[in-house]
Protein chains: 2
Amino acid sequence: MSATAATPSDLEIARAANLRPIGEIAASAGIPEEAIEPYGRYKGKIDVAQLPPPDALGQVVLVSAISPTPAGEGKSTLTVGLADALARAGKRTMVAIREPSLGPVLGMKGGATGGGRSQILPMEDINLHFTGDFHAITSANNALCALIDNHIFQGNELGIDPRRITFRRVMDMNDRSLREIVVGLGGPAQGVPRQDGFDITVASEVMAVFCLASSPQDLTERLARITIGYTFDRRPVTVADLRAQGVMAMLLKDAIKPNLVQTIAGTPALVHGGPFANIAHGCNSVIATTTARRLAEVVVTEAGFGADLGAEKFVDIKARCADVAPSAVVLVATVRALKHHGGLPLDRLSEPDVAALEDGLPNLARHIATVRKFGLEPVVAVNRFVTDTEEELAAIVAWCRQAGVRAAVADVWARGGGDDGGDDLAQEVLAALAAPGACRQLYPLELPVEEKVRTIVREVYGGADVEFSEAARRQLAQIRENGWDALPVCMAKTQYSFSDNPSLLGAPEGFTVHVRELRARTGAGFIIAVTGTLMTMPGLPKDPGALRMGLDERGRPEGLF
Amino acid sequence: MSATAATPSDLEIARAANLRPIGEIAASAGIPEEAIEPYGRYKGKIDVAQLPPPDALGQVVLVSAISPTPAGEGKSTLTVGLADALARAGKRTMVAIREPSLGPVLGMKGGATGGGRSQILPMEDINLHFTGDFHAITSANNALCALIDNHIFQGNELGIDPRRITFRRVMDMNDRSLREIVVGLGGPAQGVPRQDGFDITVASEVMAVFCLASSPQDLTERLARITIGYTFDRRPVTVADLRAQGVMAMLLKDAIKPNLVQTIAGTPALVHGGPFANIAHGCNSVIATTTARRLAEVVVTEAGFGADLGAEKFVDIKARCADVAPSAVVLVATVRALKHHGGLPLDRLSEPDVAALEDGLPNLARHIATVRKFGLEPVVAVNRFVTDTEEELAAIVAWCRQAGVRAAVADVWARGGGDDGGDDLAQEVLAALAAPGACRQLYPLELPVEEKVRTIVREVYGGADVEFSEAARRQLAQIRENGWDALPVCMAKTQYSFSDNPSLLGAPEGFTVHVRELRARTGAGFIIAVTGTLMTMPGLPKDPGALRMGLDERGRPEGLF
């Protein structure tokens, strides 16, 4: 998907698109006028309470992928293009995906709204503030932090141990200087000094809660259950103890309404919420997905990273607390990424190399097996890049057919799903939806947390065993004591490998996964198992993209992509 | 204006109001459909570039006040009520006021959208996130901070002295723990440790720049001129040196468009920007005021604190860089506040006491004299409270008449300007507008900063002299060296007294004002003269209002006011 000089940029394509007023998009999706609140001309929030009762609920197509590589898979692009292709095939279709975070936009990643002919619009707005949801989540998170420190400052009735506060402040920014800080300096009038730090907003538990809440009421209840730290005698302190859930929910009252936008082809898209895919579950809000099911026959949604992380969490966390079980799973693969998994270095991925490609296929195979463990049949989507040869593309499809797996090449970046770029894939997906699997979770909640982790490592990652650190072992004991052992597990593992070593590409075997630490997220309702290093506040690169951004003479963003 | 048990709350009154769709309000204000971008049903942003050229520019009525007291003056309430009364008198009228800050809303102040029958709506939305302007300003401020620390981390080509960075991070929150912090801890990979701190967003220089910019282009240029600190060899470092003005302006591209809402009576109101009234100039954006002048015959706008601070800064800072000179100045006074200035303690202000009231009048007299020094004639608005007696009200009006000053009692809180609560005041204001003064600044820019401060202290405050601290004297020399001596001055002084001692009420004389420190705001374009202590990050009280806030069973905010 890398553009050549003659190829228009994503931003140029987006600006050439003919945007329809959001009221028209809403009407086309069956959203009555009283249920849509416009935010500018091309964005709207849906007041779910004003929607008519649904006749039936749409089927969910979950877009997942092979293990990602720096070569890129174009999962969001494919999600958008597939939805356009399904709409073109006559299905009432809706996209449901995450909102982008501002931090990476200013760093170097650019936007997260698809690419080429398969984008959601207006991409400048979606990538910059959008309807303010992340700012509201930041405010709710930081209001809680201010209330925690104020509680301690004003006498600390609850006996909160300032050294054991686990809830951190957040900012939607890449700002490494805020990772480790000391607050409350300046003397007795300025607070109580303690170690603290900022995470990026997408890493906030408030974000995870926001995305798993099934209603505003459930949101308030989940917020109340967040553990913010421990007392001097080691009892957990919750948001409810501080009586802060009300104000937090109030700050989220508009944010919790799903955002409606459109694809270049005019397919309605709900873009809502965006939790990290490592220390959280990495998919858009439950409210957006269930709202889309009420409105469309088919909902195309996306999970972060590869199927080992994204699809596993979608099934074991999100689909456990909401009626969003997928009827089909699309696994996005690319020629370039498979060649990298097959051992070809990054600087040689443009060379045709069917042998390297075939050496990379075991990575795809293991993800296929994972999807089947969830009771579902995968559809492999080969996302075409300009450097791919026909022979390479055919090799993947042929291998899939041999393995009894549906597969199709999609050219949604260059040709768009609204044109014929996604027709073949749409037909395969429709065939899969006609005989949907019965989604099942990988493990029962009764299993101890330790065994849940072991099950995921063995069944999904293909690993041999799990090793828990000293600290993790202590934390497992505390989890049992605090009554949190029945929560599902959220794995924080590198996305690049099935193992916890990012350089082990392909389909490694026999490895041990090292769990360094466990973190209880009692509001979101999962236990994070941290393997390897975990970055919850990114930094800016030496030459940040931000320095090339600005407004053109017409006041439009430039340098953004 | 304190409500009795039988009186409906501000929130109850606001909810009982019959809100008109924002498109109707826009049409009534002469805003063409293509120039209004809706944000929900009752808020909109105006794309100023889409407005037709104006036939004439409306007259500006500046609402200022006597020195504020804890008894409250109801200046915003009066501003809204006066605009409604002028509209009722047949004038095409528009309100232009500041946006509220979230921090104080969560603390204890409640909202800042007027009160009683004189409110702007929808008050819950305006007080909570509104259209996201303050979040955008926070992002632009903190993106700059991330770029500063990243520049140092990545090699510090500019030679920025980490101990001399003057630009701080901001958050729209009352959070005392963030006043003094250390960032960049955790080792070489996490940044360079340094002292830092957070201000509340309204104290950001980006907010001041935002509110003084006359266009998006001017915004970018002013951002570029912000001084963020000094090099190891003490040269100023600007945003332009870091090449950060483009991304900051981009983050503000929507925020810079003025927000349109309505009063309870349906008068169009522009609510936009909200800089601190101490370390900044304390009034809504230049763009909102000039936009309102293009659309209305009369623009009713407000300046922070009393006329010594708010009106002086309006004339000497805002009206110097934009065509917004007032044609009339309304001075809001109340019986209760004048009695307090006259020596009556706060717990006895409900007792009728004409003698104390008369003892307080010198405070009003000095503000009247100030307004006249700007070449303008004041109109005294006595804002009626429920505890006022007819005798007290009459005493103020009689005194004003004797002094040759227009005056009227306004009952806009209880009766509303849309009914007859502001009719008398409207007539006095219209009479003043029929013979408008010629607004002039108090001092020429060529005067050295030191003399500018002295002029304000002597001419406006009635003080004897100014004493500059050692540090302030050094800073004056640096200001001259850096070529900043021709900037106007922004006084950071207590609002409670003409002097720098908040307990000297009434109209003290012979006092010396102590300037502790000078801060250069080269983007906003003024030099702050700091007297007394300066709080740029408020804290939460022992029992924050936030703990009583939440959503009711219909998902509406409760406990907010």
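The dialogue below concerns helix packing and the nonpolar core in this predicted model.

Trainee: What describes two packed helices?

Mentor: Two packed helices are described by the angle between their axes and the distance between those axes. Here, helix 6 (residues 133-153) of chain B packs against helix 7 (residues 205-212) of chain B at about 120°, with the axes 9 Å apart. Helix 6 of chain B is therefore oblique to helix 7 of chain B. Helix 6 of chain B passes helix 7 of chain B in a right-handed crossing.

Trainee: Which residues make the contact of helix 6 of chain B with helix 7 of chain B?

Mentor: Helix 6 of chain B contributes B:Phe134, B:Ile137, B:Ala140 and B:Asn141, while helix 7 of chain B contributes B:Val206, B:Met207 and B:Phe210. By class, six residues of this contact are nonpolar, one is polar and none is charged.

Trainee: At what angle do helix 7 of chain B and helix 8 of chain B cross?

Mentor: Their axes cross at roughly 145° and come within 9 Å. The contact joins B:Val206, B:Val209, B:Phe210 and B:Leu212 of helix 7 of chain B to B:Asp218, B:Leu219, B:Arg222 and B:Leu223 of helix 8 of chain B. Six of these residues are nonpolar, none is polar and two are charged.

Trainee: Which residues of helix 8 of chain B are buried?

Mentor: They are B:Asp218, B:Leu219, B:Arg222, B:Leu223 and B:Ala224. Their cover includes helix 7 and helix 12 (307-321) of chain B.

Trainee: Which residues touch the most other members of the largest nonpolar core?

Mentor: Nonpolar side chains tend to be buried together in soluble globular proteins. In the core of 263 residues, A:Leu106 and B:Leu106 touch the most other members.

Notes. Residues are numbered from 1 along each chain as its sequence is written. Chains are lettered from A and ligands numbered from 1 in the order in which they are written. This is a predicted model: local features need pLDDT of at least 70, side-chain atom pairs count only at pLDDT 80 or more; totals for chains, interfaces and linings use all residues. Side-chain values use heavy atoms; hydrogens and water are left out. Axes are lines fitted to C-alpha atoms, for helices over the stretch in contact, and angles run from 0 to 180 degrees between N-to-C directions. Helices (H or I, at least four residues) and strands (E, at least two) are DSSP runs, numbered from the N terminus. Angles under 35 degrees count as roughly parallel, over 145 as roughly antiparallel, 65 to 115 as roughly perpendicular and the rest as oblique. A crossing is left-handed if the near helix is turned anticlockwise from the far one by less than a right angle, and right-handed if clockwise. Contact means heavy atoms within 4.5 Å. Ala, Val, Leu, Ile, Met, Phe, Trp, Tyr, Cys and Pro count as nonpolar, Asp, Glu, Lys and Arg as charged, and the others, Gly among them, as polar. A nonpolar core is a set of buried Ala, Val, Leu, Ile, Met, Phe, Trp, Tyr and Cys residues joined through side-chain atoms within 4.5 Å. Buried means under 20% relative accessible area, exposed over 50%, partly exposed in between (1.4 Å probe, protein chains only).
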